[in-house]
Amino acid sequence: MTQPEKSGATMPESPLSEDNSFLHRLWRTLIGAPRGLTDKSLFHHLSLIPFLAWVGLGADGLSSSSYGPEEAFRALCGHTYLAVPLALLMISTVLIISLAYSRIIEAFPSGGGGYLVATKLLGPRVGVVSGSALVVDYILTITISIAAAGDALFSFVPLHLHHWKLTVDAILLLGLTTLNLRGVRESVVALTPVFIVFVLTHVVLIGYGIFSHTGEMQATAAKVTDGFSQGMSNVGVFGLLLLLLRAFSLGGGTYTGIEAVSNGLPIMREPRVPTAKRTMLYMASSLAFTAAGLLLCYLLWGISHVPGKTMNAVLAERVAAQFPFSSTFVFLTLFSEGALLIVAAQAGFIDGPRVLANMAVDSWMPHRFSALSDRLTTQNGIFLMCGAALAALLYTHGNVNAIVVMYSINVFLTFSLSMFGMLKHWLAQRDTEQNWRGQAALFSIGLALCSSILAVTVLEKFTEGGWLTVVVTGILVGLSFIVRQHYGTVYAKISELYQEDMLELAHAPADGEDEETAPLDPSQPTAILLVGAYSGLGIHTMLSIFRMLPGYYKNLIFITVGVVDSGVFKGEETVAALQEETEKMLARYLRLAKRLRIPCECDYELGTDAVDEAEKLCRRLHREFPKATFFAGKIVFQRERWYQRLLHNETAFAIQRQLQWNGQTMVIIPARMV
């Protein structure tokens, strides 16, 4: 079967199909022109090399050094000598979790992160818990990154102007949303200079902060030793361990973002697994250096909290006082830190919609979240992330201390489930894999670290905002089960339609499937049927046409749009695979129509928007078959509810409106869901 030629005479575009209004032109200026699916190098241009992936995804982890080490250091409650073992513990934790996620990347090269790991290894019910936690996590990733960016930028602004911080935060959030609507690669490339400035200024800050005190290392070591001795005499060894565990756990924000690379695998340049593992190496080494280095600098320079300033700002001012260009260095350091936090929000905009899309493909979320825009971005997910992050920002008034607690809980819930799933996997492989012991040991240690941080954070901060995270995540999990149950009920009803209609078709001779029918006569009445997939709805609609008007239509054309969504667009070969699947689906409809001895053909388009592509296809066919009537099936419920419009697309009605504007007739045949 071949797709008909698309060239030929063109008719004027309808106002609905080609919007030339000012708002439409502004929208195109902001997010760019549609991308062409026929471009063979499209995925190559959209994917990220390791450095750009480090910028777009690794920035989430690296930027957590802007608030994680500070939270941990302040949790020491004056026992600053514990900063040394805390720094070593941070380095070890970053490396262990990063190594564990590198193994997850190897095991799940198609991506999916915590949601896919939990679904495949622990079951779909646990998977939806992990997925829901990840969605909330990425919303809070955006929230805390924007809020912390505001703190960094306002650290050199007078206190009487700090009431503008929340407004600036909201503006930054809306600006980043617009940038992401253009596409992942464009937004990452635009923010790369900021990332480079951050890395350079913090290498100077930490390098000078530590090496300028090399002559005082002996005195510092003696001070730390005396602090340990005094601490053990005051609270005992067990008390010091508890204090260290508490600071380690409350500084858990440092490790957030490590999973972003495994979730973002679909946007990696081929070969994906080596690209992702190299990205993980870049992120782990830079995060370990920055987080541990800042903790040591706090200790060496005697940094403490100053109202209206971050501890990093205080450190930058103290260190820069030794430089001839101190004010410039402080400005660049704080500005790049704030700007990097904005870059870090990228992880939320990149991975959050992807998790939503993966859950939508599995029917845990409304299917519209798997749709791509004509810029090949998960536009609905981006809008949801923006709206939810804005709500969280307003609720917390941009308070980083409140957000980081809410944030850390879901991060380490997902971490713990992933570690447990992989531990279970390797224990099950002990009879077939020789290296299972090393892998099991790695994930056992990772599980112990992540679950301990999760437990301490929930117990310590439950009344300070932790309860809200637990409640919101629980509500999202509950809604996911409701959505899944609704789709399951609808699929069961459609399956019943299929069985009933196939009984009717059983009386038609099966030997007609392979016979050639008479060629279509364009001068005769023609029924053009829009189908979405080979299903009971499509078969029911086809039979209903000939039940209502027996003998009237002499031609039948099946048409469809192969929709490129996030479940499809995962590599250079996926568009061709979608084309092949679309042709196979239409061929099944043709075989059914031939059994009824109806002259029939088929046609299709590929695209990201079913409505626009279907309208173009219908207008082209109407020029060839002027006596055509268009048909589509639509699921209808006895009692329409508001949520049904969210869960089920209105594609049939949208196409009908556009065709009616063009003066063409379209009939929607209902399939009743009782």
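The legends below describe close-up views of a predicted model. Local features need pLDDT of at least 70 and side-chain atom pairs pLDDT 80 or more, while totals for chains, interfaces and linings use all residues. Numbering runs from 1 along each chain as its sequence is written, and side-chain values use heavy atoms, without hydrogens or water.

**View 1. Helix H7 is mostly covered.** H7 covers residues 124–153. Helices are DSSP runs of H or I, at least four residues, numbered from the N terminus. Of its 30 residues, 25 are buried (under 20% relative accessible area; exposed is over 50%, partly exposed in between; 1.4 Å probe, protein chains only). The end C-alpha atoms of H7 are 43 Å apart, which agrees with the 44 Å that its 30 residues should span at 1.5 Å a residue. That expected span is 1.5 Å times one less than the number of residues.

**View 2. Asp-137 sits in H7.** Asp-137 counts as buried because its relative accessibility is 1%. Beyond its neighbours within four places in sequence, Asp-137 is in contact with Glu-259, Tyr-407, Asn-410 and Val-411 (contact: heavy atoms within 4.5 Å).

**View 3. Aromatic pairs number 16.** Rings of Phe, Tyr and Trp (its six-membered ring) pair if their centres lie within 6.5 Å; planes under 30 degrees apart are stacked, over 60 edge-to-face, the rest tilted. Phe-248 and Tyr-255 form a tilted pair, 5.7 Å centre to centre with 50 degrees between the planes. Phe-248 is buried at 2% relative accessible area. Tyr-255 is buried too, at 0%. Tyr-552 and Tyr-553 pair edge-to-face: 4.8 Å centre to centre, 80 degrees between the planes. Here Tyr-552 is partly exposed at 45%, whereas Tyr-553 is buried at 8%.

**View 4. Five aromatic residues form one cluster.** The members are Tyr-101, Phe-248, Tyr-255, Phe-412 and Phe-415.

**View 5. Arg-484 lies over the face of Trp-364.** The distance from the ring centre is 4.4 Å. The rule requires NZ of Lys or CZ of Arg within 6 Å of the ring centre and within 35 degrees of the ring normal.

**View 6. The second largest pocket holds about 690 Å³ of space.** A pocket is an open set of points on a 1 Å grid over the protein atoms alone, with protein on both sides within 12 Å along at least five of seven lines; lining residues have an atom within 4 Å of a point. Of the 27 lining residues, Met-365, Leu-384, Val-472, Leu-476 and Leu-479 are the closest to the centre. H7, H15 (379–396), H18 (466–505) and H22 (642–647) each supply at least two lining residues. H18 gives the largest share, nine residues.

Definitions and conventions:
On a 1 Å grid over the protein atoms alone, a cavity is a set of points where a 1.4 Å probe fits but cannot get out, and a pocket is an open set with protein on both sides within 12 Å along at least five of seven lines; lining residues have an atom within 4 Å of a point. Grid points are joined across faces, edges and corners, and a volume is the space filled by probe spheres set on the points.
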